[in-house]
Amino acid sequence: MTMHKTLVDVLHEKTGLDREALEEVRQVQREKGGSIGEILIRKKLLTERQWLDALSAVFDLPVVHQLPSGGAQSTVIQDIPIQFLKKHVMVPLDNAAPTRPGKGEDGDMGAGRLPSVMLAVNDPTHFQAIDDLIRIIGTADVKLVLSTREAIFSAINISYDLSRDSAEQLVQDMEEDESLILSEIEDTADLLDDTSDAPIIKLVNHVISQAAKARASDIHIEPYQDSFKIRYRVDGILYDLLTPPKGIQAALISRIKVMSNMNIAEKRLPQDGRLQVKIGDQDIDVRISTLPTAFGERVVMRLLNKSSSLLELSELGMAPERLDLLKKLVTSPNGIILVTGPTGSGKTTTLYAVLSSINKPEINIITIEDPIEYQLKGISQIQVNPKINLSFARGLRSIVRQDPDVILVGEIRDRETAEIAVQAALTGHLVFSTLHTNDSASAITRLVDIGVEPFLISSSVIAVAAQRLVRVLCPECKEPYTPSDVMLEGIGIDKALLDRHTIYQAKGCPNCFHTGYRGRVAILEIMLMDENLKSVILTTFDANVIKNHARGMITLRQDGIEKVLRGLTTIEEVVRVTQQ
């Protein structure tokens with residue numbers, strides 16, 4: 001009881017919590033269980049940081065918010081179930097090297113060498129679990145520290161990821177005794193059991209978890225005559241990951257088909273499936289497509305990380321004046337705003353950021369998509385379903401009857417969808433949609449090709465944005481350099497600008513998987529439909545003529561050059577995505 005009184009006193013002194021509120025919390029604890037800290041944080045009576053500071057004062061333990069990033073000792077981690085650490089929210093960390101430099105609560109625990117093992121805990125009252133863990137660690141040289149739940153869970157996930165067999169090792173083990181492994185798979189029903197030690201199951205799990213760690217958007221499994229390859233697409237570029245033995249190809253693909261509820265007996269027809277996996281604290285939605293080829297089934301797995309937060313408009317990397325223009329456009333009362341670009345150019349991400357920026361209780365927003373990539377709170381989302389004849393056109397016709405203010409149509413593919421979208425815009429709705437065209441001017445040509453009358457386009461479309469994604473240089477290893485005159489002239493950069501700006505090139509380091517790039521940013525051109533352009537469209541729908549009449553429009557190439565001069569990307573990247 002003395003400890004509780006002391007803790008109550010400290011909380012009262014440090015946070016100003018009155019004793020009545022604390023007594024109520026104690027009552028909840030007696031009735032429902034749980035720790036005082038969890039209840040206080042859940043009721044938002046104090047923050048986790050304030051709670052840790054109070055525990056620090058009572059137990060005389062330092063608070064470390066930034067845990068060492070090296071992971072736990074592999075020998076220790078092998079002996080401890082991950083469930084035990086997550087249940088008691090604690091993690092032992094190898095701390096032979098000093099933590100990252102910082103001050104106070106960011107992890108500076110004073111000068112000098114730190115103990116060989118740092119044990120980070122969230123609740124120091126779990127005495128039994130702490131004692132058991134120290135006994136397993138097998139050293140008296142343990143420094144107990146306090147840390148946040150998020151930091152501890154992150155350290156647990158990193159530690160277990162580092163301690164797992166590498167994909168290369170798993171493949172090597174298979175190659176050593178391929179025939180035995182194949183007979184094991186044929187004899188047992190292990191494929192459905194995730195906890196199994198079957199090498200195929202371990203390999204599939206590992207390929208998916210490594211893809212998530214590498215921030216890959218797709219995994220490709222490609223069969224050839226005497227081999228098969230596993231490749232990842234990271235930041236839009238495909239990289240070879242593994243070349244496993246040809247003999248395990250059928251078993252590997254069968255395992256993936258079992259996981260995604262496909263028909264494993266049907267190998268002659270394309271199939272689609274999906275599955276959800278949890279890797280640490282990440283929820284990942286995996287969409288799977290199989291395609292029969294001459295040398296076996298080809299599989300592509302599209303990974304969608306649902307744990308990653310949606311981008312805000314300000315995070316898209318646009319120049320301030322372009323951002324202001326977009327913000328002004330998206331608050332228009334009616335009209336069509338089109339976003340164009342090839343598959344994988346970030347059109348949906350941009351449109352979701354736009355919808356999030358205007359999402360208010362007084363606005364009714366309805367979307368029809370194929371597929372729904374992110375669940376948006378406060379927005380009604382409809383999934384296209386060809387099996388029951390729910391097409392974009394049919395869904396859009398019904399949406400108009402639901403009194404919407406803003407409508408998002410995933411893609412305009414045919415005349416019927418385009419005409420309903422135009423009618424919706426003309427009757428007072430704001431409509432967002434996408435088209436697969438190379439630039440903003442070509443979108444007008446595409447709509448006319450589909451069958452929309454030019455006078456309807458000029459009266460309904462208010463802006464067309466074209467978008468591409470360029471890879472962002474890794475901040476850890478990018479190198480300044482001076483491009484050749486030919487290269488500068490080819491992209492259109494004035495040599496005089498180099499006096500005020502530094503241009504960088506990609507190098508490569510472990511932080512970016514030796515690619516030289518980490519992440520992507522959008523480059524954008526926005527074509528405003530002013531009176532001049534509207535009159536041009538009534539006479540011609542030639543994309544080149546329309547582009548020449550788009551006054552003051554910053555093109556994709558010009559926006560790319562701006563990002564090169566800001567040190568965000570390279571000349572090669574901009575040329576790659578804006579080849580004219």
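Mentor: The side chains of K495 and D485 meet in a salt bridge, with 3.1 Å from N to O; the term denotes a side-chain nitrogen of Lys or Arg within 4 Å of a carboxyl oxygen of Asp or Glu. K495 lies in the loop between α19 (485-491) and β17 (504-505) and D485 in helix α19, so the pair ties together parts that are 10 residues apart in sequence. Helices (H or I, at least four residues) and strands (E, at least two) are DSSP runs, numbered from the N terminus. K495 is partly exposed, at 49% relative accessibility, and D485 is likewise partly exposed, at 43%. Here buried means under 20% relative accessible area, exposed over 50%, and partly exposed in between, with a 1.4 Å probe and protein chains only.

Salt bridges that share partners also join E222, K229, R231, D240 and R298 into one network. By the rule stated above, the count comes to 24 salt bridges. One of them is formed by E416 and R397, at 2.5 Å from N to O. This pair links distant parts of the chain, with E416 in helix α16 (residues 415-426) and R397 in helix α15, 19 residues apart. E416 is partly exposed at 40% relative accessibility, and R397 is partly exposed at 35%. A further salt bridge joins E411 and R413, whose closest N and O atoms are 3.2 Å apart. In that pair E411 counts as buried, at 17% relative accessibility, whereas R413 is partly exposed, at 46%.

These details should be read with the origin of the coordinates in mind. This is a predicted model, in which local features need pLDDT of at least 70 and side-chain atom pairs count only at pLDDT 80 or more, while totals for chains, interfaces and linings use all residues. Residues are numbered from 1 along each chain as its sequence is written, and side-chain values use heavy atoms, with hydrogens and water left out. The protein chain averages a pLDDT of 83, and 86% of the residues score at least 70; pLDDT is the predictor's confidence in each residue, from 0 to 100. Over residues 96-114 pLDDT stays under 50, and it also stays under 50 over residues 178-195.

A cis peptide bond joins D370 and P371, with omega about -5 degrees, and P371 is found in the loop between β11 (365-369) and β12 (380-383). D235, which is not a glycine, has a positive phi of about 55 degrees.

How values were computed: Contact means heavy atoms within 4.5 Å.
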